[in-house]
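These are my notebook entries on one chain.

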Amino acid sequence: MDFLKSGFKTVLGATEPGQPPSAAETVEKLVDRASSSTLLEDRRDACRALKALSRKYRIEVGAQGMPALIQVLQNDCQDCEIISYALDTLCNIVATEEFDEEADNPTVSVNVGEQFTEMFIKNPEHVSCVMNYLEEYDFRVRRAAIQLLTTLIQNKTRDLQEHILVSPMGVSKLMDLLSDSREVIRNDALLLLIQLTKGNSNIQKIVAFENAFDKIFDIIRDEGCADGGIVVEDCLILLLNLLKNNSSNQQFFKEGSYIQRLAPMFELSGREGEEQGWAPQKMSNVHCMLQVVRSLVTPSNQQQVVSSCQKAMKQSKLLEALCEILMGSGVPADILTETINAVAEVARGDPDNQELLSKVMAPSTPPRPVIVVLLMSMINEKQMLALRCSVLYSFQCYLYRNPAGQQAVVSTLLPSSAADVSNLSTGQLLCTGLFSTDSLANWFSAVALMHTLVDNTSQKEELLRVLLATSAGGHKPITLLEQCTNLLQQESYKLQSKVGLLMLLSMWVAHCPTAVKTLLQTQGTMGYLTAQISGNEHDENEYLVQGLCAFLMGLCIQFNDNSLAGQKRDDICQLIIKRIGQENFCNKLNEVSRHEAYSRACKQPQIRAKSAIELLLDYEYCKLFKGLEALVVKMVTGFDVNGIELTELTLSSEASALVAQYKGIIRGLDTQITTLQETVKQLESKNTEQEKKLTELQSLNHQLTDQNTLLKAQLGARKNNDSTSTNSSTPNNDNNSSPTNHATLEALNAAQFQTNLYYTENLRLQQELENLRKRLQETTATANTANENYRKLQKDQEDLLELLTDQENKIQRYEQQMRAAGLPVEDEEEAENEDNSNSDENIISNPSSSLTNSIENSSPQHAITQNI
């Protein structure tokens, strides 16, 4: 015992008798020994003791010992044991979690590790020193260095990322750790890279180009893919960090054929998993695999990258593997939900994948399309909310930019397809959910039916033909639109259901005058909308319903073709002015964009909700509202109490003259633009005809040239043959061959004559071709000049329109100021009756005089006149 005490004294030094040393004194002596002792063994013992004390007395060791530990790392790099002690001590000092030994220590704050991290990384050389120890093969040193860097990154992610980026070969050193044969080192390196690649696209790109994808897939394969342990999950998390929101890595992943390596991982073992259930780790692995797939095709990515990845996933049969998981039995609910989302985004906007999805049949009796089975789950109120949301998202993705799919859904509701009622169809399921007593099923069905009408006016008109049988016998069937308005007016219909129906009706009537006319003809619709907008509800969701009603009424104005007596644009605007008020109407309309559900739905197409009450607005509806809100407001506020468009008001003779002058200039520009457009069309047609003639002449010229060459060759060959036969013939044969030579000469003369004709024709055609080329150049130059003039006139017209709008706004503002000041303002009719003739004469005889008067009477008009 005395021997142990003496050994401890050699490390700590002697203390005063009868008084035990405090923790601070002990740490101070150990730090002094570690920094000033000349013997390596003494410094090693001091570092070992500091490591033991660092868990319980972290603040004392960190405050006093950090410089000494850094000194050890810099000076004693040859001794692996002391280096491992120093690294472990620093790791304990900067640790984020609280140790059990310091639970009773009140001086330890929550973020003490972050404070020590900030002290450590203040000097970049300290981080570089730790990075250098990654090259040390000793297990204790390398692992301690990895753990220290991981903890530093957790505490100060952004600062450490910058340090590693500027460190020479910093990322390469970390990537080399994945090739370490010791699994513990490799697994710790995975955790380090996961922390390092969070939210830094530059590091993500460097890691990806350091052959990270190959190394990750090799580790996943060695660990057993989906059936592997937590190492597989770590690899997938790292892969997700590299791909998420990084278009460069996504393109590299696709071009490197890594999607083909990802597809076999979804070929999961079947029967054993069905009987025994899925292990928790397998569920985590498959969930991460599905997230990796979605990171490549999520709608927030670049469209070019998404399209190429979707095609690669179909070619590699990854989509088929996902559909097999979707239709498999025994799949956990969380995995099924994520699989539905993944299948939805792989098929979204890709016609081939959408067609493949429509052909997938569920293994039921009788077999049904997978779309039908999914919709059955969506309208079933016993299903999980997340699952129902994912089914709606998959249906939306299936219909996205898919007119054929939209037509197929609507056709199942038309009378012609109602003969076979034994088989459930998508349309029947949507109507069942729409008229269900479950408000959530009403909302899901209304939004799903709304997506069959997005950007498809023809299907909006077709849906007007849908007839529904009434419960009371003897009554004629009613249309789907009429039934929707009847449900909307029922007081028992819940708020969430009303929101769904209002979104459906708004999408239905947008850009479809026929649907607007049908809606206006429905009894009680306008009265209900007016009563809703005029209400004084104080609930936030009630404000939302009022805003949706205002938007629907505004669409009935915007897309009204004025073919229905008593329900024209002017009539509805007068109803708003007299019963609601323009300002009140606009305020109610603005309530939609102020609602929390609007900002939540605008973020992404996928529906995310923690509870059913959060499901109110849809992404596509928010896009429609955002695009048409300004037009609706402008249309409604463009009328006064008497039904006169405010843009046509003339408040004084001077303003009337100025506006008339503007309109005359604009009308002249419109006439010139129309004339130039007709001229351009004529020149383009002439240009097309001349190009056709030029092409025909060129082909004919080539044919004549070829014939001419062939005839010349034949003529030369015959001349050579005749000379040869003449020289070799005997005098006895002269009399016998004379008829043959005569015939040959005649043929040669005819060929020569034909050749001359072709040559003459060729010259004529070449001359005509040259003339046509010159005319084509002149026509092209004329067309270019006309186009340039047209663009200049169009720009002048736009400038004048802006000036006219600004002038009208100023006139209205000045009138309001005059009325507020109590100054007399002339009425429109009196001003026109009194000054109409004088104003017209002044404008016709001397426009500049009218402009001069306007300049003298009002200074703001002076700037506008000068601009003109």
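**Entry 1: the whole chain**

I counted the secondary structure and got 41 helices and 4 strands. Helices here are DSSP runs of H or I with at least four residues, strands are runs of E with at least two, and both are numbered from the N terminus. I noted that this is a predicted model, in which local features need pLDDT of at least 70 and side-chain atom pairs count only at pLDDT 80 or more, while totals for chains, interfaces and linings use all residues. Residues are numbered from 1 along each chain as its sequence is written, and side-chain values use heavy atoms, with hydrogens and water left out.

I looked up burial next: of the 868 residues, 45% count as buried. Buried means under 20% relative accessible area, exposed means over 50%, and partly exposed is in between, with a 1.4 Å probe and protein chains only. The accessible surface of the chain is about 44200 Å², and 49% of that belongs to carbon and sulfur atoms. The areas come from the Shrake-Rupley method with a 1.4 Å probe, and for residues only the protein chains shown count as cover.

I also checked contacts, meaning heavy atoms within 4.5 Å. Of the contacts with a separation of 6 or more, 72% are between residues 24 or more positions apart.

**Entry 2: α5 and α8**

I took helix α5 (residues 80-93) and helix α8 (residues 139-155) as a pair. Their axes come within 9 Å and cross at roughly 20 degrees. The axes are lines fitted to C-alpha atoms, for helices over the stretch in contact, and the angles run from 0 to 180 degrees between N-to-C directions. I put α5 down as roughly parallel to α8, because angles under 35 degrees count as roughly parallel, over 145 as roughly antiparallel, 65 to 115 as roughly perpendicular and the rest as oblique.

The crossing of α5 and α8 is left-handed. That word applies if the near helix is turned anticlockwise from the far one by less than a right angle, and right-handed if clockwise. On the α5 side I listed C80, E81, I83, S84, L87, D88, L90 and C91, and on the α8 side R140, V141, A144, A145, Q147, L148 and T151. By class, this α5 and α8 contact has 9 nonpolar, 3 polar and 3 charged residues. Ala, Val, Leu, Ile, Met, Phe, Trp, Tyr, Cys and Pro count as nonpolar, Asp, Glu, Lys and Arg as charged, and the others, Gly among them, as polar.

**Entry 3: α23 and α26**

Helix α23 (residues 385-399) packs with helix α26 (residues 439-451) at an angle of about 15 degrees, with axes 9 Å apart. α23 and α26 are therefore roughly parallel to each other, and their crossing is right-handed. From α23 the contact includes L385, R388 and C389, and from α26 it includes L440, A441 and W443. The α23 and α26 contact has 11 nonpolar, 2 polar and 1 charged residues.

**Entry 4: what covers α31**

Which residues of helix α31 (residues 525-534) are buried? I found T525, M526, Y528, L529, T530 and I533. Their cover includes α28 (480-488), α29 (495-509), α30 (513-521), α32 (540-558), α33 (569-580) and α34 (582-594).

**Entry 5: single residues**

H126 is in helix α7 (residues 124-132). Is H126 buried or exposed? H126 is buried, at a relative accessible area of 13%. Leaving aside neighbours within four places in sequence, H126 is in contact with I70, Q74 and F120.

T412 sits in the loop between α24 (403-411) and α25 (426-434). T412 is partly exposed at 22% relative accessibility.

S36 belongs to helix α2 (residues 23-36) and is partly exposed at 44%.

**Entry 6: backbone angles**

I found a cis peptide bond from T365 to P366, with omega near -5 degrees. P366 is in the loop between β1 (361-362) and β2 (368-369).

M169, in the loop between α9 (157-166) and α10 (170-176), has phi near 55 degrees, a positive value in a residue other than glycine. M169 is exposed, at 58% relative accessible area. N211 has a positive phi too, near 65 degrees, but N211 lies in helix α12 (residues 201-223).
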